[in-house]
Amino acid sequence: MDYFFYKTYLFLIKLKKNDGDAKWSAFLFTGVYFAISILSLNCFIGILYENPLSMLMKSKPLFFWMLIFILSPVLLSLRYYWHLEIASIKVSYNAMGVSKRRIVNAFIYVALVAIPLLTFILFRLYVVGQFKWW
């Protein structure tokens, strides 16, 4: 997740945003992806095993979505605003070899597309009971 945050931050810096705005936007973008990852994981677990958390999502999906999308930035703010600096992520990222950085970059780009699609599919299968959207 740190590298996802860092790559988003670098992309925003290339778009000529200042450091504070880029950090804030990268933080929010990472929070959105963190939230939809939690939703996807909850749907997947709910498909395999009915549990109270998944049942709450099935009975009140709007409440559950709002709760997750509010709590995820709060949790991430503890890490990215009060605990961890971008410079430490940069040092860690640059310490990797070129081949490892390519693998991390490929994973990030695949995750950018796969996580929202997977969340849509799993949510439709678990909450609605079918994949159709019409």
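A residue is called buried when its relative accessible area is under 20%, exposed when that area is over 50%, and partly exposed in between, with a 1.4 Å probe and protein chains only. By that rule Arg124 is buried, since its relative accessible area is 17%. This is a predicted model, in which local features need pLDDT of at least 70 and side-chain atom pairs count only at pLDDT 80 or more, whereas totals for chains, interfaces and linings use all residues. Residues are numbered from 1 along each chain as its sequence is written, and side-chain values use heavy atoms, leaving out hydrogens and water.

**Overall architecture**

The chain contains 6 helices and 0 strands, where helices (H or I, at least four residues) and strands (E, at least two) are DSSP runs numbered from the N terminus. The order of elements from the N terminus is accordingly α-α-α-α-α-α. Along the principal axes, the C-alpha atoms fill a box of roughly 45 × 30 × 25 Å. Of the 134 residues in the chain, 34% are buried. The chain exposes about 8700 Å², of which carbon and sulfur atoms supply 73%; accessible areas come from the Shrake-Rupley method with a 1.4 Å probe, and for residues only the protein chains shown count as cover. Contact here means heavy atoms within 4.5 Å, and among contacts between residues at least 6 apart in sequence, 67% join residues at least 24 apart.

**Two helix pairs**

Two packed helices are described by the angle between their axes and the distance between the axes. Axes are lines fitted to C-alpha atoms, for helices over the stretch in contact, and angles run from 0 to 180 degrees between N-to-C directions.

| Helix pair | Angle | Axis distance |
|---|---|---|
| H1 (residues 2–14) and H5 (residues 86–95) | about 105 degrees | 10 Å |
| H2 and H3 (residues 52–59) | roughly 105 degrees | within 9 Å |

Angles under 35 degrees count as roughly parallel, over 145 as roughly antiparallel, 65 to 115 as roughly perpendicular and the rest as oblique. H2 is therefore roughly perpendicular to H3. In this pair, Leu39, Asn42, Cys43, Ile45 and Gly46 of H2 meet Leu53, Ser54 and Met57 of H3. The contact of H2 with H3 has 5 nonpolar, 3 polar and no charged residues, with Ala, Val, Leu, Ile, Met, Phe, Trp, Tyr, Cys and Pro counted as nonpolar, Asp, Glu, Lys and Arg as charged, and the others, Gly among them, as polar.

H1 and H5 are likewise roughly perpendicular to each other. Their contact brings Asp2, Tyr3, Phe5, Tyr6, Lys7 and Tyr9 in H1 against Ile86, Ile89, Lys90, Ser92 and Tyr93 in H5, and its residues divide into 7 nonpolar, 1 polar and 3 charged.

**Nonpolar cores**

A nonpolar core is a set of buried Ala, Val, Leu, Ile, Met, Phe, Trp, Tyr and Cys residues joined through side-chain atoms within 4.5 Å. The largest one has 19 residues, among which Phe5, Tyr80 and Ile89 touch the most other members. At least two residues of this core come from each of H1, H2 (19–48), H4 (61–80), H5 and H6 (98–128). Apart from residues up to four places away in sequence, Tyr80 touches Met1, Asp2, Phe5, Lys23, Phe27 and Ile89. A second, separate core of 10 residues includes Leu39, Cys43, Tyr126 and Val127.

**Individual residues**

Tyr6 lies in helix H1 and is buried, its relative accessible area being 5%. Beyond its neighbours within four places in sequence, Tyr6 is in contact with Ile86, Ile89, Lys90 and Tyr93. Tyr6 and Phe27, 21 residues apart in sequence, have C-alpha atoms 9.3 Å apart.

Ser54 belongs to helix H3 and counts as buried at 0% relative accessibility. Residues up to four places away in sequence aside, Ser54 touches Asn42, Ile45, Gly46 and Tyr126.

Arg124 is found in helix H6. From C-alpha to C-alpha, Arg124 and Cys43 are 9.0 Å apart in space, although 81 residues apart in sequence.
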